[in-house]
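Here is a short briefing on the spaces, cores and charged pairs in one protein model. Please have a look at the structure first, and then we can walk through it together.

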Amino acid sequence: MKRTDAPLAFAITSKGDDVSNALAQKMKTYLLDFDLRYDEEAPDLVISVGGDGTLLYAFHRYCHRLDKTAFVGVHTGHLGFYADWVPEEIEKLVIAIAKTPYQVVEYPLLEVTIRYINGGREAKYLALNECTVKCVSGTLVMDVEIRGDLFERFRGDGLCISTPTGSTAYNKALGGAILHPSLEAIQVTEMASINNRVFRTIGSPLVLPAHHTCLLEPVNHVDFQITIDHLSLLHKEVKSIQCRVADEKVRFARFRPFPFWRRVRDSFIAD
């Protein structure tokens with residue numbers, strides 16, 4: 001990313017604990033000393049200080065300007081999957097932000113469109129990690145359509161639809177595959193499906209490319225608990241839930257190489 005003559009506008013989002021708040025304030029002071037501009041409304045760069053949850057919060061706060069804002073993460077607890085930097089490297093990061101044109105890495109997002117029985121309105125969301133669908137009570141029964149064709153009638157606890165970067169989160173816990181973020185795809189993973197002589201599901205995660213749309217249509221007239229990343233939402237009178245690779249992408253600022261598979265290794269299996 002090339003710098004312009006205008007000073008870089010930055011914002012900082014903190015986890016809210018004492019360590020993260022102190023680190024965020026220190027970074028803010030340093031960056032202002034370098035004559036960068038603090039702007040919470042229209043930042044070029046958002047620095048997330050905390051963990052992956054903090055970055056998810058920052059993403060949703062600025063999801064209306066994804067084409068203009070890039071993100072970088074500093075983790076203050078356990079290693080964050082989205083966080084490249086540790087507190088001991090703050091001075092190095094500040095100098096890099098102030099002096100070095102950064103590269104932008106783009107990752108796919110999930111677009112979720114919820115349509116309602118009464119028509120005329122719909123809710124649209126972007127997810128960085130995943131969307132999950134469950135019934136408020138009882139078994140989830142959903143017809144799953146792929147590219148307009150009925151694929152299966154799912155019965156079970158719920159469904160998780162994840163992005164490639166989100167494939168290392170809830171999706172992984174459900175037994176889904178880890179996808180490299182260069183793949184423009186979404187993954188549909190089951191939660192405790194019912195499989196017996198009468199009912200049958202595919203039983204395996206499905207990886208759908210960008211030009212395939214997954215449509216979930218309720219079989220029963222029930223209320224749904226739908227999550228979009230960390231946001232949990234109650235939806236009534238749902239006609240369908242459409243999931244696809246979003247046109248928008250999330251942009252991360254990279255000041256040094258951090259290959260995806262190294263990130264996976266460091267997050268899950270490194271000592």
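Strand β5 gives the largest share of the lining of the largest pocket, 3 residues. Please keep in mind that this is a predicted model, in which local features need pLDDT of at least 70 and side-chain atom pairs count only at pLDDT 80 or more, while totals for chains, interfaces and linings use all residues. Residues are numbered from 1 along each chain as its sequence is written, and side-chain values use heavy atoms, with hydrogens and water left out.

**The largest pocket**

- The space in the largest pocket comes to about 160 Å³; a volume here is the space filled by probe spheres set on grid points, which are joined across faces, edges and corners.
- A pocket is an open set of points on a 1 Å grid over the protein atoms alone, with protein on both sides within 12 Å along at least five of seven lines, and lining residues have an atom within 4 Å of a point.
- Its lining is made up of Q103, V105, Y107, H180, R254, R256, P257, F258, P259, F260 and R263.
- By class, the pocket lining divides into 6 nonpolar, 2 polar and 3 charged residues, where Ala, Val, Leu, Ile, Met, Phe, Trp, Tyr, Cys and Pro count as nonpolar, Asp, Glu, Lys and Arg as charged, and the others, Gly among them, as polar.

**Enclosed cavities**

- There are 2 cavities of 30 Å³ or more, a cavity being a set of grid points where a 1.4 Å probe fits but cannot get out.
- The largest cavity has a volume of about 50 Å³, and V144, E152, L159, V188, E190, I202, S204 and L206 line it.
- Strands β9 (149–162) and β10 (185–193) are the elements that give two or more residues to the lining of the largest cavity.
- That lining holds 5 nonpolar residues, 1 polar and 2 charged.
- The second largest cavity contains about 40 Å³ of space, and its lining consists of F81, Y82, Y107, F252, R254, F260 and R263.
- Both β15 (238–254) and α5 (260–268) supply at least two residues of the lining of the second largest cavity, which has 5 nonpolar, no polar and 2 charged residues.

- I202, one of the residues lining the largest cavity, sits in the loop between β10 and β11 (206–209).
- With a relative accessible area of 42%, I202 is partly exposed; buried means under 20%, exposed over 50% and partly exposed in between (1.4 Å probe, protein chains only).
- Not counting residues up to four places away in sequence, I202 touches F151, E152 and E190, contact meaning heavy atoms within 4.5 Å.
- From I202 to P43, the C-alpha to C-alpha distance is 44 Å, and the two are 159 residues apart in sequence.

**Nonpolar cores**

- The largest nonpolar core has 29 residues, of which L216 and I241 touch the most other members; such a core is a set of buried Ala, Val, Leu, Ile, Met, Phe, Trp, Tyr and Cys residues joined through side-chain atoms within 4.5 Å.
- Apart from this core lies another, with 24 residues that include I12, M27, L36 and V72.
- Beyond its neighbours within four places in sequence, L216 is in contact with V133, M142, D143, V144, L159, I161, K239, S240 and I241.

**Salt bridges**

- The whole structure has 14 salt bridges, each a side-chain nitrogen of Lys or Arg within 4 Å of a carboxyl oxygen of Asp or Glu.
- E91 and K26 form one of these, at 3.5 Å from N to O.
- E91 lies in helix α3 (residues 90–99) and K26 in helix α1 (residues 18–33), so this pair ties together parts that are 65 residues apart in sequence.
- E91 is partly exposed at 35% relative accessible area, and K26 is partly exposed at 36%.
- The side chains of E184 and K249 meet at 2.6 Å, N to O, in another salt bridge.
- This pair links distant parts of the chain, with E184 in the loop between α4 (170–173) and β10 and K249 in strand β15, 65 residues apart.
- In the salt bridge between D247 and R244, the closest N and O atoms are 3.3 Å apart; D247 is exposed at 63%, whereas R244 is buried at 19%.
- D84, R254 and R263 are linked in a network of salt bridges, and R254 and R263 also line the largest pocket.

Technical notes. Helices (H or I, at least four residues) and strands (E, at least two) are DSSP runs, numbered from the N terminus.
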